[in-house]
Amino acid sequence: MSQHHPRVHRTPCGAALTVPAFHQRDRNQRINMDCSPISPAAVGIRTCRPDRGRLLRRARRLAMSAAVMAIAATFLQSPVRLQAQAPYPPSPDTTPRFLLASSDQSGRQKTVDVGRTPLLRQRISLTLHDVSLEQALRAIAAESGLDIAYSRTTVPLDRIVRLDARDITLAEALEKVLTGVDADVVFSANGRAMIVKRPPRAGGTIVGRVTDARSGAPLEAVSVVVDGTRAGVLTGEDGSYRIAAVPAGEHTVIARRIGYTPGRQNVTVTGDQEVTANFELSADALRMSEVVVTGTSVETTRRQLGNAVGTVDAQEIAKSGSVAIDRALAGKAAGVMVQQNSGNPGGGISVRLRGTNTILGSADPLYIVDGVIVNNDTPDLIYLGGYSQNRLVDLNPEDVDHIEIVKGAAAAALYGSRANNGVVQIFTKRGMAGKPRLTWTSTVHADQLRKRLAVNTYPFDAAGNPVTRYDHQDVIFHTGVGTEQAASIAGGSEASRYYLSGGYVNDNGIVRASNFTRASARARLDQTLSSWASLSVGGAFNFSRDQDIPNGGLGSLYGAIDGFLFGPNTYDPRPDSNGVYSHDGSYANPAEVIDKYDFAQKTNRFIGDAHLTITPIDGLKLEYTLGYDGYDQRATAFIPRGTGTPGVYALGYSQQGSRDFTQVNNDININYSRQLKPWLHSTSSLGGTVQYEVSNSTGASSYDLTPVTETVPSGANWDISEYRSTRIVEGIFGQQTFGFGDRLYLTAAGRLDASSVFGEADRWQAYPKVSGSYVLSEEDFWGESFLGRIFPQFKLRAAWGNSGGLTAIGPFARFTNYSPVSYENLPGLVQQRQQGSEIKPERQTALEGGIDATLFSNRLGFELTVYKQHTKDLLLTRTVALSTGFSTRLENAGEIDNNGVELLVRATPVAKSDVTWNTTLSYSSNRNKVSGIEGGVRVLANSWGLAAAINGEPLGVYYGAGYARDAQGRILDKNGDVFTDPKTQVPGRDPTPRILGDPNPGWIGSWINDVQVGENLSFRAQLDGVFGNDVWNYDARIGAYPPYGTLDLYGQELAGDIAAGTGNALWLNFERWVEDGSYVKVREVSATYTFHPRSFGISDLGVSLIGRNLYSFDNYSGYDPETNAGGQSTGTRGYQFGEVPIPRSFVLRINASF
Amino acid sequence: MHTTIRNSAIGLVVLGATLGAAACSLNVTDPNSASEDKVLQSQDAIQALAVGLQQYYANNVLGTLYINTGVTSRELTINETYLGQVAIEEGGDQLDGSIGEMASIFGGEMEVLRTSELLLRQVPQIAFDPGTRSGILALAHLYSARAIGDLTTVFEQVPIHSDPDENAAFYSRNDALAVAIAHLDSAARILADTAPSTLFNSKIKSSRLDLLNTIDAYRARYHLFRGDLDEAIEASEDVDPAATSFFSYDAQNLNPFFEDLVQSRSYAARDDLGSPLTEAGDKRVSFFLTSDPAVSNPKQYPIDLLGGFFTSGTSPIPAYIPGEMILIRAEAYARQHVYDKAVAAIDSIRTKTAAQDPLGLGADLPPYSGAETEEALLTEVYRQRAAELYLQGLRLEDSRRLGRPGPPASLDERNRNYYPYPDQERRNNPNTPANPAN
């Protein structure tokens, strides 16, 4: 990559510039003028005689071509000669052989005896200072009179050689200039010399073992590759590897694993021999050498990055025991908040990177899988009570190799108008050359309700009549048993590598009859087309199926848990002996909902990608990526006629909704990387993207069904809907990075972006970015001072950038639209809303700075980041003067700030030969603030009017009536006296809405521990904590309200432990129902035993016991403070209302490699 | 050769990317609804816009205006306790610009005005046949007049144009009514020049709307409001007394009184047509109301069941009442002190039987026997208007114009003289006048 191209001034052949071979075509044409082919058959082989005049003209032409290249870095070259190439060490493997062209058909070539060939013995004198090989060959030809023919494709003619010789033989001269070129000199019958590529020599094998430098423990899944070739393997669980068929010669072997500093070793491979290269890798607490792609446009090591990047590897995902990728991300990186909104098996997840940056739009990050922008929408095709799947659930976590998480400004240049919420890029596994490696994973897990609500057991009703009370949770919840199977096979040759996998998940929820099934298959082929081109093609098919039970939510209340909460719990929900369900409840009978409703969703999805990579010359890389993501989701809902569901649903209800979605992205990326000077490295990128997104949704529903029938047409009142959407995004970007002496890196980038959702005037938006990284510990003064002893590694970084947000605006929201109406059976049009043609994307300016450093001889590393994100031009519908003829208009108004701190600490407290303990602590705090909202307060949709965006406050604060309080803030009772005794006093209410709580946590943290004991046993534990957030506990509110009275709170009121009338008084006192939602959860605990049975072809066998969400330390009185009945909604957070709680899972996982 | 492949590959990639970029236009059209720029260029869409204008007025504007002003002028009472409803019923200070109903009334009329203006501007640009063009233009003028006229019944000052720049000027009621009348004059002139086409009459105009007579009826109405008494008499005489004209309703567009007073009973009709002057034996009371012992919530006013033009979801609502023309003459003559003609007109209303009225409205009362003074006659005109024009959205205007007791002295017959301007308008349009005191 960093091959030096020293400048040439004067050579015996004249002046020439060193030019990358980008303009070869031009150069070849010129060469044809002074070279003639030796035979028609040998196209491209030329003999050359020196011609100084022509060479000079050619040089000028080449110089002009160089200028045309116009990559900024090129201009920075100074015309100063830098250094001479070191002489090549003579070695039989690297020096050319002198052969005679074979005259027979055998193809065998006879070696020329150099000493007996007068031509080769003739003596010449030459002074060649750092000229190209081509020029050297010309000079030798001119000096000796020998015709020398060569082909550009076999001989690296740009290679810089040096020859300062007086009175040496021609053979010696040729030997010197051709050493290391991997070429032989073949003499034809007419005495011409042809420089030909040396035929491949027999390959050898490299074997070895990779261990942890500190503990000596074997390292599994280390990628070992032979540099410059495609040969590479992963180490097995005992740390060993074997790479066969490595061409003879000198090679560098590189061993890489995330979290370790890469190891490099030079080996000499000889034919049919085995050489050993063992590695001891040192844990790299800062992961400074880790290569990152996301947000950088070209593979970049962390040390060069001006921003924090989170990475999560396959091991961490596997050990999480989670069926969804986003769920597994919880706690794995700083600044990443993962919230599971529902405890259903396919339940929705919200991911927030550095807070929420929009009000109307989606606050989830952009997801990219292998370069394909994948859709993570949450289509609510049927209403399931706030629970809806986000479509990332279609992906199989077993296929994930690693994940990169980029937050803030860093994402700007590459993802432009889609980058406001950050980017999560998922890389799937790939095949490596070598014998097929088969893996199989089988998982069984049992999920159960972690905590039950205490129900009202008081045996009398309010009138004092005896009643029988039931716990309806008995008919709703059970232990759900699920299984997961996954298998993969990977392998290939150096030229063609493959990875094939299949997976099947059958997951039963803790609500009876709820089930999630996913079948997936993935294939990837990496094909080397030539030494300069390769192609990678991948595809994944996923089929997801969901059997749902509606529960809770902010919309309709026909679910099972609703039935339980609204009660009353004085009837037996189970069917009687005739199969008849009691309809004594306020809402649906939960047992009837579970037994008789049929709500289901199916999704078929294909995600495919193709990448063509071309490296025409050293340092230049062109990449073309085509990505496709398409899915069909179909949902059906059926409530039979005659259930106890309230309202029209009792007449029977049928609904179906479907949505097809297609997204295509075309990306082209050109990178040019060059060592301009020994102390200056440059990487330049240019790229472009075109993205299409098309979706169609249709829905139909009807009430009042004909008995027995289930489809929509059997109902009496129909409602149909359809919506079609198209979005197109185009963008171009450029990026320039300079690396100064491997310690200071400066990057500037810009992206120009256009999206079809915006009007022409505001369509094209520019998003600039600058960042810098300074590895201070590389400086001499650092290493020599006490700082170097305290912080062996120390890096400062900063980044600033702009990005945009697209999701807050519908695809056609900029048009003044007219809706179709019918009037007296005539078609009519009525205006709908006012145009927003002057609207532009929400724009974020992000600034971050940080320190990455290690302490205690690199045993502890930390990354500290402080960031400030300001998003302006928030898209909001504002009211307009009614005299315009309109009521509202979508406009850029409002702003959101997110300021915060992230800290990640990685340490190895114990590193002994038999015990290694790695620990990771992460801390993130974020402060969100909304401003610039018209009128100061905007109540958010789908929040029952109880969540708002308020100027100066975090988004989604709870806003409503609370306790009556006196001037000292003491709660008053309903008579205006200070409330002290709940047993005798009923609290008073102040109807004026005020801020009652904040669902946004003050800070979140996690603590992950990995302990390896001996070679076979490992343990892992992860604690996740969320602090300072509030939760609406509507479950308690309903259960305490006398007409429903299902929970213990009302039982206490009946028993007289709470003053009579309290439940009624608190019904509209929302302050009572806002609770502290802080928690610390035992998110993951696992023990894994791995061994190597070496029988049945099994190389590694691992057995893991995993516990997930085992316990939660919190003061919350409801099920779980983590769920959200608002689903994946941006502003409506922390609503607990009949949502299925997140289960406790016990997982047994067996994996085997063959 | 490799070089050739390499260069070709690079070329292909670049070409592919270029084509990809060129092939996709960022101007995506919306298949779900019609965008304005397209609507205004299409003959069919303009026709549909004219249909939509009538649908929107009948479905979204008429009911909001009639029912809310009905509560203000005590024709109706609220029967649910939503914030806005309570404020309308309380009136006085309780009714301020933050009440959503103020925005609904003002905004609805402004949307009608804007759509009418679009039609007036755009129809001449499109190649319609002359009869269709004249029909749509006349219709748009009629609705412009109606929107402005409606606004003058409830607001002290009103805009006469919609203004996209949020800077619409407000005009006095008299000036605004002059503009409304000018629209009606234009409509009449256009129809006189070119008769509407069959296409207009069958595919655009609402089936039971009598365009010419409605134009003249509104000319008479607005001239009367302005005090142009001769013009009002003249225009009222142009209306064919046997003609009827309706806003139609159908299964998709339900009669708003049926929805809010018959079906949901969110509002209710007060006993005796909500007028203290209603005479015993007036048969129009039983035309509109069926006696019922119920009382309203929360005010406990006695309420009756509503019938009349509101018995079903598809009952049409008259665009004007033929008797209004007679009462316009009665009022104008009374004001001109031509008492004999005034009394004759009043008597023709008082003695009219259901069979004699095209809409079946008959008071069937004895002739007028009161004093022949302007004041007494105007009181009698009000009495008759309250019954003859019950739920025509005119009670507030009549009560004010005919000098009935009102705020601040009394809230019994009307609780506001004029409505406050919607806060939403005030926030965004600097020309919004100060709110009237009451």
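**View 1. The interface between chain A and chain B as a whole.** In this predicted model, chain A brings 55 residues to the contact and chain B brings 68 residues. The size of an interface is often given as the accessible area lost when the parts come together. Here the two chains bury about 5000 Å² between them, with 59% of that area on carbon and sulfur atoms. On the chain A side, the residues that lose the most area to chain B are Y818(A), Y823(A) and L882(A), which together account for 16% of what that side buries.

**View 2. Salt bridges and polar contacts across the interface.** Between chain A and chain B there are 2 salt bridges, one of which is formed by the side chains of R889(A) and E166(B), with an N to O distance of 3.4 Å. Counting pairs in which both residues have pLDDT 80 or more, 29 residue pairs are in polar contact between the chains. Strand β41 of chain A, residues 826-833, gives the most to the side of chain A that touches chain B, contributing 7 residues. Sorted by class, that side of chain A holds 26 nonpolar, 18 polar and 11 charged residues.

Note on methods. Residues numbered from 1 in each chain as written. Chains lettered and ligands numbered in written order. Predicted model: local features only at pLDDT ≥ 70, side-chain atom pairs only at ≥ 80, totals over all residues. Heavy atoms only, no water. Contact = heavy atoms within 4.5 Å. Buried area = accessible area lost by both parts, 1.4 Å probe. Salt bridge = Lys/Arg side-chain N within 4 Å of Asp/Glu carboxyl O. Polar contact = N/O pair within 3.5 Å; in protein donor to acceptor, adjacent residues only side chain to side chain. Helix = DSSP H or I, 4+ residues; strand = E, 2+ residues; numbered from the N terminus. Nonpolar A, V, L, I, M, F, W, Y, C, P; charged D, E, K, R; others polar.
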